[in-house]
Amino acid sequence: MGSVVLLSLVIPAHNEERRLKRTLPMMVRYLRSTFPSSEILVSEDGSVDRTVDFVRELSKATQRPVVRVLSSRRRLGKGSGVRRGVLAAAGRHVIVMDADMPVQLSSIQRAVDELSSGADIVLGSRNLPESRRDEPRVRRFFSRAFRFLVRVLFHFDFDTQCGFKGFRRERAVRLFHALRINSLAYDVELVSQALEMGLRIVELPVDWKYDWNTSLRLRDIPKMLLDLMRVRLGCCPLWHR
């Protein structure tokens, strides 16, 4: 790979060996053909399975794109994992995608096109008319309830929880240094801070597929709600999940 890295793909991962065995080789093949000057950073967060070992094994067998793993001995939370990965990224553009690959890989090219055209942040959105979403009714109910609460508290209507985001790196560094929430609600603080900074946010329609083995648990919801209130009130101590 040359000295200039065009794209960094950041994948937060906690016990994601099973998913990554399916999705990471697909990501490698896509980037190899579409963005040869790219890297994949798996930001691992206190896993107890073979996530780290699998990524390292794949890294040894892969030259383009470069595959790296950033590991943590203890769990710090998804927000911390994403922040660590984004700040370590070398690419001109940074894409964050969940390990289960909830949107089509072609969304990466579309996000890069938007970033190259002047967007600071691209948010995958399941709520646009052109989007399609495949999920159970209960999950959609909770998603709509969370969206309503965010709209009431923060007065914006972006889809913060989609699992696909893109950034211009110079903007991302400044933004992620300002974030403090480590839980699954970090996305809301991210958008809130971006709006405070006057960054240009563009929504991207996606075809979103629900993973029945999602890592979101019912016990996470009270923490997410409390974090929302902390962000709204401007007091954001670090959450350790």
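**Note on a predicted single-chain model**

1. Apart from residues up to four places away in sequence, Lys165 touches Val94, Ile95, Val96, Val122, Leu123, Thr160 and Asp187, a contact being heavy atoms within 4.5 Å. Lys165 is placed in strand E7; helices (H or I, at least four residues) and strands (E, at least two) are DSSP runs, numbered from the N terminus. Lys165 is buried, and its relative accessible area is 3%. Here buried means under 20% relative accessible area, exposed means over 50%, and partly exposed is in between, with a 1.4 Å probe and protein chains only. Between the C-alpha atoms of Lys165 and Phe146 there are 19 Å, and along the chain the two are 19 residues apart.

2. Basis of the values. The model is predicted, so local features need pLDDT of at least 70 and side-chain atom pairs count only at pLDDT 80 or more, while totals for chains, interfaces and linings use all residues. Residues are numbered from 1 along each chain as its sequence is written, and side-chain values use heavy atoms, with hydrogens and water left out.

3. Overall form. The protein chain has 8 helices and 9 strands. Its radius of gyration is 17 Å, close to the 18 Å that the globule rule gives for 241 residues, so the chain is as compact as a globular protein of that length. That radius is taken over C-alpha atoms, and the rule is 2.2 Å times the number of residues to the power 0.38. The C-alpha trace spans about 50 × 40 × 35 Å along its principal axes. Of the contacts between residues at least 6 apart in sequence, 80% join residues at least 24 apart.

4. Of the 241 residues, 54% count as buried. The chain exposes about 11,400 Å², of which carbon and sulfur atoms supply 52%; accessible areas come from the Shrake-Rupley method with a 1.4 Å probe, and for residues only the protein chains shown count as cover. There are 42 positive and 27 negative side chains, and the centres of the two sets lie 2 Å apart. Lys and Arg count as positive and Asp and Glu as negative, with His and the chain ends not counted. Each charge is placed at NZ of Lys, CZ of Arg, CG of Asp or CD of Glu.

5. The largest nonpolar core. This core holds 38 residues, and Leu24, Ile40 and Ile108 touch the most other members. A nonpolar core is a set of buried Ala, Val, Leu, Ile, Met, Phe, Trp, Tyr and Cys residues joined through side-chain atoms within 4.5 Å. Among the elements that give two or more residues to this core are strands E1 (7-13), E2 (38-44) and E8 (201-205) and helices H1 (17-34), H2 (51-60) and H4 (106-116). H1 supplies the largest share, 6 residues.

6. Ile108 and the second core. With neighbours within four places in sequence left aside, Ile108 is in contact with Leu7, Leu9, Tyr30, Leu31, Phe35, Ile95, Met97 and Phe164. A separate second core has 33 residues, including Leu123, Leu153, Ala194 and Leu199.

7. Gln109. This residue is in helix H4 and is partly exposed, with a relative accessible area of 27%. Beyond four places in sequence, Gln109 is in contact with Tyr30, Thr34 and Phe35. Its C-alpha atom is separated by 34 Å from that of Lys223, 114 residues apart along the chain.

8. His93. Strand E4 holds His93, which is buried at a relative accessible area of 6%. Residues up to four places away not counted, His93 touches Leu6, Leu7, Ser8, Val112, Leu115, Ser116, Phe167 and Arg168. His93 and Asp120 are 27 residues apart in sequence, with 9.6 Å from C-alpha to C-alpha.

9. Backbone points to check. Most residues other than glycine have a negative phi, and most peptide bonds are trans. The peptide bond from Arg64 to Pro65 is cis, with omega near -10°, and Pro65 is in the loop between H2 and E3. Met101, in the loop between E4 and H4, has a positive phi, near 50°. His155 also has a positive phi, of about 65°, although it is not a glycine; this residue is in the loop between helix H5 (137-154) and strand E7 (164-168). Met101 is buried, with a relative accessible area of 15%, whereas His155 is exposed, with 64%.
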